[in-house]
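Thanks for making time this morning. I would like to walk through one chain with you, residue by residue where that helps, and I will give the cut-offs as we go.

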Amino acid sequence: MYYYNSEGNPLDYRPTPRTTPTRYRDRARYDRDTVHRILDESLICHLGYLSAGGPVVLPTTHARRDETLYLHGSTGSGPMLAAMAVKASGLPVCVTATLVDGLVLARSALHHSLMYRSVVVVGDARVVDDPEEKRLALGSLLDHIAPGRAVDCRPPNARELAATSVLALDLVEVSAKVRSGGPADEPEDLTLPHWAGVLPLSLSAGTPVPDDDLDSATPLPPYLAAYSR
């Protein structure tokens with residue numbers, strides 16, 4: 001369930017045993033702004049569920065609409081078939097998204113790390129049956145990749161809609177984890193003659209490459225000309 005303040009705005013997520021880290025608890029974040037920013041910036045997430053009694057983790061695309069995370073898939077894919085089999089109760093899942101912002105190189109091997117931002121969402125995912133919700137979810141999935149793309153392409157026809165499934169997962173049991181800053185070397189290692197510091201990493205867009213069959217008069221969409229995550 002959600003908790004709201006006196007103005008009717010959702011409060012931060014509440015930690016649960018499943019969203020409380022066992023290590024580095026000081027890196028955990030439960031504020032909605034941090035969680036939303038990470039989910040919205042990530043291009044892919046990883047969906048974990050049980051199949052035939054064993055764990056399966058698959059990469060997929062996602063999009064957030066308010067407090068619902070939508071996950072894209074084919075009607076014949078493993079997670080969608082598993083979700084259909086337990087449709088009444090929902091499919092227990094764990095969804096993660098991670099952004100790597102840099103490599104942390106320490107003087108000692110043990111203290112090498114990453115600068116990262118990650119989100120973990122656990123809950124019961126439902127199959128989106130309502131046609132209008134499905135339409136909005138599929139549009140959000142396109143706009144998550146490139147804002148404005150949903151209205152700048154042919155919408156799916158009946159056959160394509162029938163072959164595509166969407167899972168919805170409410171953002172209730174959620175946590176983020178953020179690691180920033182440089183290496184945490186031991187005091188006795190600070191004088192060692194090894195380079196230490198951070199190598200920043202970022203995702204940047206290259207020059208758009210038009211399709212070979214594209215009409216040369218077709219202009220480059222503004223959302224691609226200034227694309228960034």
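Thr 60 sits in strand E3, which covers residues 54-60; helices and strands here are DSSP runs, helices being H or I of at least four residues and strands E of at least two, numbered from the N terminus. Please keep in mind that this is a predicted model, in which local features need pLDDT of at least 70 and side-chain atom pairs count only at pLDDT 80 or more, while totals for chains, interfaces and linings use all residues. Residues are numbered from 1 along each chain as its sequence is written, and side-chain values use heavy atoms, with hydrogens and water left out.

Is Thr 60 buried or exposed? Thr 60 counts as buried because its relative accessible area is 15%, where buried means under 20%, exposed over 50% and partly exposed in between, with a 1.4 Å probe and protein chains only. A polar atom of the Thr 60 side chain lies 2.7 Å from the backbone oxygen of His 72. Leaving aside neighbours within four places in sequence, Thr 60 is in contact with Ile 44, Cys 45, Leu 47, Leu 71 and His 72, contact meaning heavy atoms within 4.5 Å.

A polar atom of the Lys 134 side chain does, however, lie 2.7 Å from the backbone oxygen of Thr 164. Not counting residues up to four places away in sequence, Lys 134 touches Val 128, Leu 161, Thr 164 and Val 166.

Let me turn to the charged pairs. Side chains of opposite charge can pair when their charged atoms come close. The structure holds 12 salt bridges, and I will describe some of them. Glu 67 forms a salt bridge with Arg 32, with the closest N and O atoms 2.8 Å apart. This pair links distant parts of the chain, since Glu 67 is in the loop between E4 and E5 and Arg 32 is in helix H1, residues 32-41, 35 residues apart. Glu 67 counts as buried because its relative accessibility is 12%, and Arg 32 likewise counts as buried, at 9%.

Arg 64 forms a salt bridge with Asp 40, and here the closest N and O atoms are 2.7 Å apart. Again distant parts of the chain are linked, with Arg 64 in strand E4 and Asp 40 in helix H1, 24 residues apart. Arg 64 is partly exposed at a relative accessible area of 22%, and Asp 40 is partly exposed at 30%.

Asp 101 forms a salt bridge with Arg 117, the closest N and O atoms being 2.8 Å apart. Asp 101 lies in strand E6 and Arg 117 in strand E7, residues 113-127, so the pair ties together parts that are 16 residues apart in sequence. Salt bridges that share partners join Glu 41, Asp 101 and Arg 117 into one network.

Now the backbone. Most residues other than glycine have a negative phi, and most peptide bonds are trans. Which phi does Tyr 24 have? Tyr 24 has a positive phi of about 50° although it is not a glycine, and Tyr 24 is found in the segment before strand E1, 28-29. Asp 66 also is not a glycine, and has a positive phi of about 55°. Asp 66 lies in the loop between strand E4, 62-65, and strand E5, 68-74, and counts as exposed because its relative accessible area is 61%.

Finally, the chain as a whole. The chain has 5 helices and 10 strands, and buried residues make up 34% of its 229 residues. Its C-alpha atoms fill a box of roughly 65 × 50 × 45 Å, taken along the principal axes. Among contacts between residues at least 6 apart in sequence, 71% join residues at least 24 apart.

Methods: A polar contact is a pair of N or O atoms within 3.5 Å; within protein, one must be able to donate a hydrogen and the other to accept it, and residues adjacent in sequence count only if both atoms are side-chain atoms. A salt bridge is a side-chain nitrogen of Lys or Arg within 4 Å of a carboxyl oxygen of Asp or Glu.
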